[in-house]
Amino acid sequence: MPEQFAPQSVLVTGGAGFIGSNFIHSFISRNPGCRVVNLDILTYAGNLENLKGVEENPDYRFVRGDIGDAGLVSRLLAEFRIDAVVHFAAESHVDRSITGPEIFVRTNVLGTQVLLEESRRHWQAGVVPAFRFLQVSTDEVYGSLGDTGFFTEETPLAANSPYSASKAGADLLVRAYYETFGMPTLNTRCSNNYGPYHFPEKLIPLMISNIIGRRPLPVYGDGLNVRDWLHVKDHSIAIETVLKGGKPGQVFNIGGNNEWKNIDIVNLVCDLLDGKLGRQPGENRKLITFVKDRPGHDRRYAIDASKMRRELGWEPSYTFEKGIAETIDWYLANQEWVEHVTSGGYREYYEKQYGER
Ligand code: NAD
Ligand code: TYD
């Protein structure tokens with residue numbers, strides 16, 4: 001195993017979102033004594049209810065703010081003697097990027113540039129003995145695959161949606177800070193995640209929540225697009241593994257080796273929920289509605305994660321069978337969370353904890 005970097009004080013951006021909050025739960029429990037500062041502006045996707053249970057932890061601090069606010073970022077890096085930035089904050093939904101791309105460029109490209117620049121100043125000031133900047137990115141930067149083949153770290157970037165183009169732009173800036181300034185950056189590119197705290201605009205949580213409410217299940221196009229699904233807890237550990245052991249300047253692909261056609265996943269979720277909700281076999285599938293395809297809809301994503309296994313000894317621990325059943329059970333047990341995020345009611349929780357927005 002490569003030499004391990006041992007962070008003492010980590011700035012997590014976007015830690016109130018789906019993957020960021022799962023990462024904080026996982027990282028705090030695995031790294032007692034390491035400070036975690038969560039910088040999140042709380043867009044529609046940021047929900048502090050995701051962090052119940054860590055808020056009282058003395059290692060944890062929440063700061064509401066924008067990654068694009070250079071003064072704030074600079075202050076946090078200095079005040080907390082940050083030695084690692086784990087950068088999740090982003091606009092993350094492809095459909096929203098089609099109807100409103102501007103915020104994607106502002107947050108994902110310009111926001112990342114501000115974080116990089118302030119990190120560079122902080123790192124070059126030498127107040128911490130070692131420093132890492134980890135950019136959390138997506139396999140979508142590689143574009144779309146045909147029926148065969150996998151994305152490797154050498155696959156050229158060929159982003160197709162405004163979302164993936166903005167993530168590719170950010171990834172290239174991260175590369176530039178390594179190549180130009182020698183800043184110790186790392187770049188992970190992961191396949192589709194699933195698990196708890198997933199906002200129900202994305203495929204799996206949307207289907208679960210619509211099935212429970214007996215609403216239509218919109219399947220785009222012919223439903224034969226393929227995604228490679230990874231449990232968010234496996235992703236969280238993969239990111240920690242790269243942060244501690246990854247060689248600066250490098251890219252690491254993270255995936256579950258778990259390809260599914262959309263329609264097969266929707267059918268599976270329908271059938272599992274028939275059982276769990278005591279409905280007739282086949283009842284939920286009747287809710288499936290094929291709708292107009294997403295423009296520029298990438299056909300297939302599939303990750304070759306062999307570098308993660310070979311160089312860092314990481315591999316997923318969840319089988320999909322276990323992960324999807326647990327995820328469905330989580331949504332069934334957390335109906336109030338779903339109700340709050342769909343109604344916007346989770347904002348009241350913020351106001352109670354932190355005052356008026
Ligand atoms: P999410 O939309 O659930 O969460 C994003 C978080 O970022 C929210 O809490 C939001 O409030 C915050 N945020 C947005 N703009 C901000 C700003 N200007 N300043 C501070 N905070 C801001 O997203 P997610 O699904 O958790 O994805 C997290 C990261 O992982 C993203 O960078 C995404 O590109 C990447 N990723 C996601 C997936 C996936 O399947 N969801 C897969 C691979 C990579
Ligand atoms: P999504 O969860 O939005 O993730 P991404 O587009 O980043 O991969 O979508 C996953 C797949 O499911 C994608 O092929 C689009 C499809 N999809 C539907 O068919 N219906 C839906 O309502 C949604 C949200 C997605």
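Helices here are DSSP runs of at least four residues, numbered from the N terminus. Keep in mind as you click around that this is a predicted model.

Start at the end of helix H6. Select Arg214, which follows H6, and check its backbone: phi is positive, near 55 degrees.

Now step back and select H6 itself, residues 203–212. Is this helix enclosed or open? Nine of its 10 residues are buried, so H6 is largely enclosed by the rest of the structure. To see them, colour Ile204, Pro205, Leu206, Met207, Ile208, Ser209, Asn210, Ile211 and Ile212. Then bring up what these buried residues pack against: the strands E7 (192–194), E8 (217–220) and E9 (226–231), along with H8 and the helices H10 (320–333) and H11 (335–343).

Stay with H8, which covers residues 262–276, and pick out Asn267 in it. Asn267 counts as buried because its relative accessibility is 16%, and the cut-off is under 20%. Leaving aside residues up to four places away in sequence, Asn267 touches Arg285 and Ile288.

For the last stop, show helix H2 (residues 70–79) together with helix H4 (residues 102–125). Their axes come within 9 Å and cross at roughly 40 degrees, so H2 and H4 are oblique to each other. The crossing is right-handed. Want to see who meets whom? On the H2 side, select Ala70, Val73, Ser74, Leu77 and Ala78; on the H4 side, Val114, Leu115, Glu118, Ser119 and His122. Colour this contact by residue type and you'll find six nonpolar, three polar and one charged.

Terms used
Residues numbered from 1 in each chain as written. Chains lettered and ligands numbered in written order. Predicted model: local features only at pLDDT ≥ 70, side-chain atom pairs only at ≥ 80, totals over all residues. Heavy atoms only, no water. Axes fitted to C-alpha atoms, helices over the stretch in contact; angles between N-to-C directions. Helix = DSSP H or I, 4+ residues; strand = E, 2+ residues; numbered from the N terminus. Parallel < 35°, antiparallel > 145°, perpendicular 65-115°, else oblique. Left-handed = near helix turned anticlockwise from the far one by under 90°. Contact = heavy atoms within 4.5 Å. Nonpolar A, V, L, I, M, F, W, Y, C, P; charged D, E, K, R; others polar. Buried < 20%, exposed > 50% of the residue type's maximum accessible area, 1.4 Å probe, protein only.
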